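Hi,

Here is the model I promised to pass on.

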Amino acid sequence: MPSRDAIKVQVVAKLAAVSHIPADKIKEKHRLEVDLGMGPTVRKAMALPYNGIIDDYPSGELISMSAAGDLETVKESIDLVHARANGDQE
Amino acid sequence: MISRPRMAWSLSLLLLTGIERAAAASSIDDLLSGLRVRRSIEDKNEDDDPAKAEVTNPHKSSAAWSVDGALRYEIAPMFREGHHLEWAVGVEYHRITHIDEPQNTWAAALEATYLTGDPASAAHALSLAAGYKRDQIQKEDVLTAYLDYVPIHFWGIGMILPPGLAEETRRIGGFSWQPLLSVEYEQTLASNVAGESGPMLRARAGLELRIYPFAYFLSQRLQLYAAGDLRLVAASGTTVSAGTVQPLFRGGAILYFDEKNRVGVGLDYLAGQNPRDDLQKQQVLSFGVRVRI
């Protein structure tokens, strides 16, 4: 069962790679579109790296492109990936 | 670079994993989490367009309809080693009565979307939707198959401006744009209009631009958009001859009331034709409530 902190490091690293903003500058309160500049299609495509994280855990529940596209903030992204990695649908 | 045998192995595992995970979805909440309300089942716009609906039923004259919406149900996604596959089924209904060329079409489709690559560099989404649509005005029954390709890449200003300046620029406004390529095949089985039965193959190129004024303060609740589609009839067994160009322009503004961009009002202008929805060539200006779930 991965901890939230362990998932947070991985999710923020993925967001940093996509948004070209250093990981240490990314805060949980940041909004994906407004603060990180991630458009709707890119946010949907985040299903790929998020499922790459979740797939490491046997009880993980995958994220659809729509669910990834609906995420508004860094905190929501961490919470969803954490929940799904632990097998929760949320 | 994945070799062909490795790719085939990965896709087989993708299917097996997805079936296994779908079977594990036990509660009603699990099942309902895949339900979406949108403008269309398989439109591949940058941002999924919201649904709109309005019906006025006067006492002495005929009812006025303006419905442009779809119910889409997404089935458990599948993932294996950088390859993502998901399925969706949906029904959609488009009925507008008080325009120059009334529209009254419903459709149902099964869609598979394959996503691969890395959004940090370049990702690719390929969707195949196969279905059936019924044009109630021309009494047409049509089998449809649409293949859409969406290249996905981060084009944000963060790539060209230093972080501080990029943040300041986003306070004033944001923008995003998305190209799209499609191949559309339709087989009209029956029609009330002479010569309209037969196959048609179209190529489509589209580009959509969205601007978010005062994005930082409004949380992108105000969106201005402009989208253009250019369709070329590549082959046809109907009265529409090969080589015909079918342009479509859409533009407008949407102001959402909530930060999740679920409910708002929108002003839309459309000029041209949209053969996917059986919308004939015309100009339409509409204003009303927009819903996106």
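**Notes on the model**

A:K75 and A:D79 sit 4 residues apart, about one turn of the helix, and both belong to helix α5 (residues 74–85) of chain A. Helices here are DSSP runs of H or I with at least four residues, strands are runs of E with at least two, and both are numbered from the N terminus. The two side chains form a salt bridge, with the closest N and O atoms 2.8 Å apart; the term stands for a side-chain nitrogen of Lys or Arg within 4 Å of a carboxyl oxygen of Asp or Glu. A:K75 itself is partly exposed, at a relative accessible area of 41%. On that scale, buried is under 20% relative accessible area, exposed is over 50%, and partly exposed is in between (1.4 Å probe, protein chains only).

Before you go further: this is a predicted model, where local features need pLDDT of at least 70 and side-chain atom pairs count only at pLDDT 80 or more, while totals for chains, interfaces and linings use all residues. Residues are numbered from 1 along each chain as its sequence is written, chains are lettered from A and ligands numbered from 1 in the order in which they are written, and side-chain values use heavy atoms, with hydrogens and water left out.

**The rest of the salt bridges**

Over all chains, a search of the whole structure turns up 23 salt bridges. In chain B, B:R204 pairs with B:E184, the closest N and O atoms being 3.9 Å apart. That pair links distant parts of the chain, since B:R204 is in strand β9 (residues 198–213) and B:E184 is in strand β8, 20 residues apart. Both of these residues are buried. Another salt bridge joins the side chains of B:E208 and B:R210 (3.1 Å, N to O), and again B:E208 and B:R210 are buried. There is also a network of salt bridges to look at: it links B:K133, B:D148, B:E184, B:E186, B:R202, B:R204, B:D229, B:R231, B:R276 and B:D278.

Most residues other than glycine have a negative phi. B:D278 lies in the loop between β12 (263–274) and β13 (279–291) of chain B, and counts as buried at 11% relative accessibility. B:K139 is also a non-glycine with a positive phi, of about 50 degrees. Its place is the loop between β6 (122–135) and β7 of chain B, where B:K139 is partly exposed at 37% relative accessible area.

B:T238 is in the loop between β10 (222–236) and β11 (245–256) of chain B. It is buried, with a relative accessible area of 14%. Its side chain makes a polar contact of 3.0 Å with the side chain of B:S236, and a polar atom of that B:T238 side chain lies 3.2 Å from the backbone nitrogen of B:V240. (A polar contact is a pair of N or O atoms within 3.5 Å; within protein, one must be able to donate a hydrogen and the other to accept it, and residues adjacent in sequence count only if both atoms are side-chain atoms.) Leaving out residues up to four places away in sequence, B:T238 touches B:G195, B:E196, B:S197, B:G198, B:P199 and B:M200, with contact meaning heavy atoms within 4.5 Å.

Chain B has 4 helices and 13 strands, and 45% of its 293 residues are buried. Of the contacts in chain B between residues at least 6 apart in sequence, 59% join residues at least 24 apart.

How many residues take part where the chains meet? In chain B, 42 residues are in contact with 36 residues of chain A. The area buried between them is about 3400 Å², with 55% from carbon and sulfur atoms; this is the accessible area (1.4 Å probe) that two parts lose on being put together, summed over both. The interface has 1 salt bridge, formed by A:D70 and B:R36 with the closest N and O atoms 3.7 Å apart.

In chain A, 7 of the 8 residues of helix α3 (residues 47–54) are buried, so this helix is largely enclosed by the rest of the structure.

Cheers
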